[in-house]
Amino acid sequence: MLTFNRQNYIKNMIEDILSQTYTDFEYIIVDNGSSDQSGQVADEYAQTDHRMRVRHLKKPYSIGYGRNCGLDLSQGEYITFVDDDDRVKSHYLETLWSMIETHQADIAVCGIEEKRGEQVFPQCVYKEKYILSGEEAVVELLKREKIRSGLPTKLIKRELFEKIRFDENVKSEDARISYELFSEASKVVMEGIPLYCAVRHLDNNSAFTNDSSKLTFSILNEYIETYELRRKYLLKRFPEREQFWNYVIWSFFISMCGKVHAYHIQECLGLYYDMREQLIQNKEKILRNPYLKEYEAKQLFEIVGEENEERKG
C-alpha cells in the first residue's frame, strides 16, 4: 500500500487488513513523503503487528516508483495492492487466495463497489465465475465491464512482476501495467464478489474518472499515449484480435471527443482535433468494425460531421 497525506483515511484500511480472516501475509506500506501524520500512523500500527513493514521516502515520488519500492521489499508468493483511502471486506485475502489455489491461477480478480457519500454503487459485480486464459482476460479488461484497470481487487503471482514493472514516469501507471500482467498470465480466475470498496472523495487521484470536467491536457495526453502503446503491444502479442484492439482505442477517441466538447475543456481542444482527425481518416474502417456499438456510431457521425466552429473562431 502506498500512502501520501491520508491521515484521515489510512487507519480504516490498515485495520481492515490487520483483521483479515486469512492471516499469513506481509503488509508493506510505502510512505511517499507525506507531510502529514500518515507515516506516523503506519509506524504506530507496525509496532504492534510483526506482519507490517513501513518504508518512508524522503520526498514524494510517482505512484509507480512507490509501488516498485514495495515490490522490492516484498517476499510473498502473491501480491495484491490496496489504496490508503479505500476499504476491504474481512475475507478479501482469503477469497482471492482460495480462488488462486483452487484453480491454480496466476491472477484472481474480485468485484468492487464505489462509495460516494453515503451511497454505494456496484462496479464489476456479477454472480458468475470465469476461468480464462491471459488473452481472454485482457479482452475482459478492455471491455471494462468485469475488470477495472486498477491494481486493487487482484491477487497476482509474484513471478509476473519479475519481468513487468511499473512505469515510474507517468500517472496512469495501472493502465500501463495491467494489460501486460494479464497477457503474461497462463490462467485468470474472476468472480464478481464485491470485496473491495473504492471510497470517492474530492482528493482522489483519479477524480477525473467520475467528473469529466476535471480532465486536463496532461491527463488526456498521457492516456492517449498509454492506449496507443497498449494497442501496439497487443497487436504484436495477439495479432488475431486486431479488430478488437483497434476498436478499443477508437471507442476511447469517440468518448473523449464527446467529453471535451460537452464540457468545453479549452486546454484539450488540440488533442480533440487530433483525435477527431484520426476518426475522420478511419471512419469507414470504424463503421465496419464488428465491435462498434450503435450509440458509438451515432456519436461518431456527430463528431466527424460537426462544423469546426471553435477552430474558426
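**Ground rules.** I'm working with a predicted model, so I kept to its cut-offs: local features need pLDDT of at least 70, side-chain atom pairs count only at pLDDT 80 or more, and totals for chains, interfaces and linings use all residues. Residues are numbered from 1 along each chain as its sequence is written, and side-chain values use heavy atoms, with hydrogens and water left out.

**Helix H3.** I looked up which residues of H3 (residues 63-73) are buried, and got Gly64, Gly66, Arg67, Asn68, Cys69, Gly70 and Leu71. Buried here means under 20% relative accessible area, exposed over 50%, and partly exposed in between (1.4 Å probe, protein chains only). Helices (H or I, at least four residues) and strands (E, at least two) are DSSP runs, numbered from the N terminus. Then I checked what covers those H3 residues: the cover includes strands E1 (2-3), E2 (27-31), E3 (52-56) and E4 (78-79), plus helix H6 (173-184). Contact means heavy atoms within 4.5 Å.

**H9 against H11.** Helix H9 (residues 269-281) packs on helix H11 (residues 294-305) at about 115°, with the axes 10 Å apart. That makes the two roughly perpendicular, a label that covers 65 to 115 degrees (under 35 is roughly parallel, over 145 roughly antiparallel, the rest oblique). Axes are lines fitted to C-alpha atoms, for helices over the stretch in contact, and angles run from 0 to 180 degrees between N-to-C directions. From H9 I noted Tyr272, Arg276, Leu279 and Ile280 in the contact; H11 brings Leu300, Ile303 and Val304.

**Salt bridges.** I searched the whole structure and got 21, each one a side-chain nitrogen of Lys or Arg within 4 Å of a carboxyl oxygen of Asp or Glu.

- Arg6 pairs with Asp84, closest N and O atoms 3.5 Å apart. Arg6 sits in the loop between E1 and helix H1 (10-18) and Asp84 in the loop between E4 and strand E5 (87-88), so the bridge ties together parts 78 residues apart in sequence. I found both Arg6 and Asp84 buried.
- Lys143 meets Glu140 at 3.6 Å, N to O. The two are three residues apart in helix H5 (residues 134-143), about one helical turn. Lys143 is partly exposed at 39% relative accessibility, whereas Glu140 is buried at 16%.
- Arg231 meets Glu228 at 2.7 Å, N to O. This pair is also three residues apart, in helix H7 (residues 217-237). Arg231 counts as partly exposed at 21%.
- Arg67, Asp83, Glu173 and Asp174 form a network of salt bridges. Arg67 is also one of the buried residues of H3.
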